[in-house]
Amino acid sequence: MNSIAIYTLTSELHNEEAVTAQTRKFLGSIHTEYDFRGSDYADYGSHALDLIFVRTGGTEGIFQRLLPRLLAQSQKPFYLLTSGQSNSLAASMEILSFLQQHGLHGEIIHGNETYIEKRISLLRKVSEARLQLQGCRLGIIGQPSDWLIASHADKEKVRQRLGIELVDIPMQELLDSIQAVAAEEPSAACSTAHGAQWTWEGKASASVSQALPVANRIYEALKALVERHRLQGFTLRCFDLLSAVHNTGCLALARLNGEGIVAGCEGDVPALLSMTIVHALTGMSGFQANPSAIDPTTGTVVFAHCTIPLNMVERYELDTHFESGIGVGIRGYMACGPVTIFKVAGDLQRCFIEEGTLVSNLSKPDLCRTQQAILLADASQSDYFLTRPIGNHHIIVPGHHKLLLQEMTSSL
């Protein structure tokens, strides 16, 4: 089954043969794979994206009579595709106005072939991502860190608007799982996961080597919790590990993110939600990081953290964790080029989305190990970080995804 289905609305006053010829020509011009359902709405709502092709004028009453049935089958927005022929655009505008009068959401998809193709492609990706999030289970292991006073989430809103269930997991369960995991050999810790090369930062190699077995146990223990609780992702109150097992979760999170399990730091639930949305749209979890320095005159922001998904970097080094000087941290080097910065608030009321360019990977001794200097596409957006930030952590993902993220978050 294709992820797109096209249904039709046609007035009986129009010649069916002529309308069919117009339909064939129009749909053939937009180069989109779809299931053509015609006027049979029996499975409406079962595809990721359902399009109602308004083929002619005089279809407003037909849609009005059909609406109760459609609402019973789906609560998604109504997308009205129209070529503009046979007064179809006028009919679509009347239908959309009717929907809005009744508090329902919709959009008319109309324009040249290129616009229609791009719009349908974007809506398909967003619709597929929304389906992926339905029933998603995300763990909060150990609760948010004490300093994250603005980084909590409204669990009921998250469930209602995203279909995501947030699951509380006691920190002691992870500690018990770590104890139960057999230690791995240091050489098995990182191999060449995802094709990325790795080296040990010379001055820290001895302490890192000694820390690797426990870092590996943390990875195995977290993976066991993911399987036990049927999680698609989690956020970890990772600083508790410093005192409990004298190590960090940085390596474990880097590996798990690289394997497709969304793994966040410090129990930051809004950051976890942001990473999960990014993963559903792009297949990458994103780099959870703190803005560490901002130049408002140029729009350059330096982001840093001690872990980064291994499938996002060209190479990486193993060092100690920055704040504590123990355990295993990751210094990852991501390819310079276009990036998108994203963060959604825990109550889903607002978000930040901005594109930019990764201009350099830094290696300063006074910051967390992975450091990125990013030039914002719009330098004035640096004002956001200084006047209305959504917490401290933000998510960085390679590529330009602003339109996708805007569409994804527009109806939250």
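This is a predicted model: local features need pLDDT of at least 70, side-chain atom pairs count only at pLDDT 80 or more; totals for chains, interfaces and linings use all residues.
Student: Which elements give two or more residues to the lining of the largest pocket?

Tutor: There are strands and helices on that list: strand 3 (49-54), strand 4 (78-81) and strand 5 (106-109), plus helix 4 (113-133) and helix 5 (155-162). Helix 4 is the top contributor, with seven residues in the lining.

Student: And how do the lining residues of the largest pocket divide into nonpolar, polar and charged?

Tutor: You'll find 14 nonpolar residues, 13 polar ones and seven charged ones.

Student: Now salt bridges. What's the idea, and how many salt bridges does the structure hold?

Tutor: Side chains of opposite charge can pair when their charged atoms come close. Here the count is 18 salt bridges. Let's take one inside helix 4 to begin with. Glu128 pairs with Arg124, and their closest N and O atoms are 3.2 Å apart. Both sit in helix 4, four residues apart, which is about one turn of the helix.

Student: Which parts does the salt bridge between Arg228 and Glu173 tie together?

Tutor: In that pair, the side chains meet at 2.8 Å, N to O. Arg228 belongs to helix 7 (residues 205-228) and Glu173 to helix 6 (residues 171-180), so the bridge ties together parts that are 55 residues apart in sequence. Glu173 has a relative accessible area of 19%, and buried means under 20%, so Glu173 counts as buried.

Student: What about Asp240: which residue does it form a salt bridge with?

Tutor: Its partner is Arg237, with the closest N and O atoms 2.9 Å apart. Asp240 is partly exposed at 28%, while Arg237 is buried, with a relative accessible area of 14%.

Student: Which residues are linked in a network of salt bridges?

Tutor: Look for Arg315, Glu317, Asp319, Arg331 and Arg369, which are joined in such a network.

Student: Last topic: the backbone. What should I know about phi, and where is Gln143 found?

Tutor: As a rule, most residues other than glycine have a negative phi, and most peptide bonds are trans. Gln143 has a positive phi of about 70° although it is not a glycine. You'll find Gln143 in the loop between strand 6 (137-141) and helix 5. Its relative accessibility is 39%, so Gln143 counts as partly exposed.

Student: And Arg230: what is its phi near, and where does it lie?

Tutor: Its phi is near 55°, again a positive value in a residue other than glycine. Arg230 sits in the loop between helix 7 and strand 9 (233-236). Its relative accessible area is 55%, and exposed means over 50%, so Arg230 counts as exposed.

Technical notes:
Residues are numbered from 1 along each chain as its sequence is written. Side-chain values use heavy atoms; hydrogens and water are left out. Ala, Val, Leu, Ile, Met, Phe, Trp, Tyr, Cys and Pro count as nonpolar, Asp, Glu, Lys and Arg as charged, and the others, Gly among them, as polar. A salt bridge is a side-chain nitrogen of Lys or Arg within 4 Å of a carboxyl oxygen of Asp or Glu. Buried means under 20% relative accessible area, exposed over 50%, partly exposed in between (1.4 Å probe, protein chains only).
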